[in-house]
Amino acid sequence: MASEDVKTTTSEAAVSRIVNLAEEAKLAREGVKAPGYALLSVCKSLIAGGVAGGVSRTAVAPLERMKILLQVQNPHNIKYNGTLQGLKYIWKTEGFRGLFAGNGTNCARIIPNSAVKFYSYEQAAKGILYLYRQQTGNEDAELTPLLRLGAGACAGIIAMSSTYPMDMVRGRLTVQTMDSPYQYRGIFHAMSTILRQEGPRALYKGWVPSVIGVVPYVGLNFAVYESLKDWLIKTKPYLGLFKKPADSFVQDSELSVGTKLACGAVAGTIGQTVAYPLDVIRRRMQMVGWKEASSVVAGDGISKAPLEYNGMVDAFRKTVRHEGFGALYKGLIPNSVKVVPSIAIAFVTYEWVKDVLGVEMRISD
């Protein structure tokens, strides 16, 4: 009897599942979303953002490490005189693995960061567009560049704040070298050591300049990228070398991969140039309180310049006074080289993964 009950329950569950699947198929054919569709779409969107972030950062990991080393190295004991010299020095002293030091932590941080950032942007853009249409009374209104800037800034602040402790730890893991007097053994060891020696607030050192820098950096990234895409799709320009419409950047209302890369490159370059000084100050503030910081950034145990800042303004003032205005742009060259492929690959990968997963929500919806 019990066996029959189990069989009956199993059969009913199977029939119920078939009916549900049929209903979902019917709703899909009729253009109606099934109840679980929204959640599934959200998950796919988060996965796409995470994959985009991880792939793009891994591709430029050596340049990312070089940038940070140039930003924070002890000015009294210069070991890295430029991008190529620095990369050669790392290869010589630390080997191939040295080029990717801190990349594991960076990926662990950037995957959830990118996922939250892309999804937050889509939701913020939808909310802002809804309010904008309600205010103007125009149901066909589209997002302006200024509104896109606001949506991008909101997304950047939310994503950055949610993963900032990991970014702070990643910064310290990245600057320590094989010759450093003290070694963090990994992300968890570094985080527990910081909490024990410096307290919970230490995990948010440099957060203020990071928030301020998010507005021009992430905001301009999204605003410029989306505006360029819309302009290209609407105007459909083509190279002056060609006379045929078939040679246009846009075909069948879709941008080519190369055009998307170009849009991402322009967006990344503008955003990083405007916000770069704040990134330098953020990295330097992250070193404050680390008793081995001055030795670590020098690389050989020589401590000549204690890293002590009382805040963002004090960090700006001391950096400019002791090293000149140019110090605010230390590491700009490797950052410029890396940001173009990094941002471009991130955007293109994001949309490609969403196409593969079959997500209908897009950045420009």
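Biologist: What should I know about the model before we start?
Modeller: The model is predicted, so local features need pLDDT of at least 70 and side-chain atom pairs count only at pLDDT 80 or more, while totals for chains, interfaces and linings use all residues. Residues are numbered from 1 along each chain as its sequence is written, and side-chain values use heavy atoms, with hydrogens and water left out.

Biologist: How many cavities of 30 Å³ or more does the structure hold?
Modeller: The structure holds three. A cavity is a set of points, on a 1 Å grid over the protein atoms alone, where a 1.4 Å probe fits but cannot get out. Grid points are joined across faces, edges and corners, and a volume is the space filled by probe spheres set on the points.

Biologist: What is the volume of the largest cavity?
Modeller: The largest cavity has about 700 Å³. Of the 40 residues that line the largest cavity, Arg57, Lys117, Tyr217, Val218 and Arg282 are the closest to its centre. Lining residues have an atom within 4 Å of a point.

Biologist: Which classes make up the lining of the largest cavity?
Modeller: That lining has 16 nonpolar, 13 polar and 11 charged residues. Ala, Val, Leu, Ile, Met, Phe, Trp, Tyr, Cys and Pro count as nonpolar, Asp, Glu, Lys and Arg as charged, and the others, Gly among them, as polar.

Biologist: And the second largest cavity, which element gives the most to its lining?
Modeller: H3 does, with three residues. Helices (H or I, at least four residues) are DSSP runs, numbered from the N terminus. The second largest cavity has a volume of about 50 Å³, and its lining includes Ala61, Glu64 and Arg65.

Biologist: Changing topic, how do the axes of H6 and H7 cross?
Modeller: The axes of H6 (residues 145–175) and H7 (residues 187–198) come within 10 Å and cross at roughly 100 degrees. Axes are lines fitted to C-alpha atoms over the stretch in contact, and angles run from 0 to 180 degrees between N-to-C directions. H6 and H7 are therefore roughly perpendicular to each other, a term for angles of 65 to 115 degrees.

Biologist: Which residues meet there?
Modeller: Among them, Pro165 and Met166 in H6 and Ile187 and Ala190 in H7 take part, where contact means heavy atoms within 4.5 Å.

Technical notes:
Helix = DSSP H or I, 4+ residues; strand = E, 2+ residues; numbered from the N terminus. Parallel < 35°, antiparallel > 145°, perpendicular 65-115°, else oblique. 1 Å grid on protein atoms, 1.4 Å probe; cavity = no way out; pocket = protein on both sides within 12 Å on 5 of 7 lines; lining within 4 Å.
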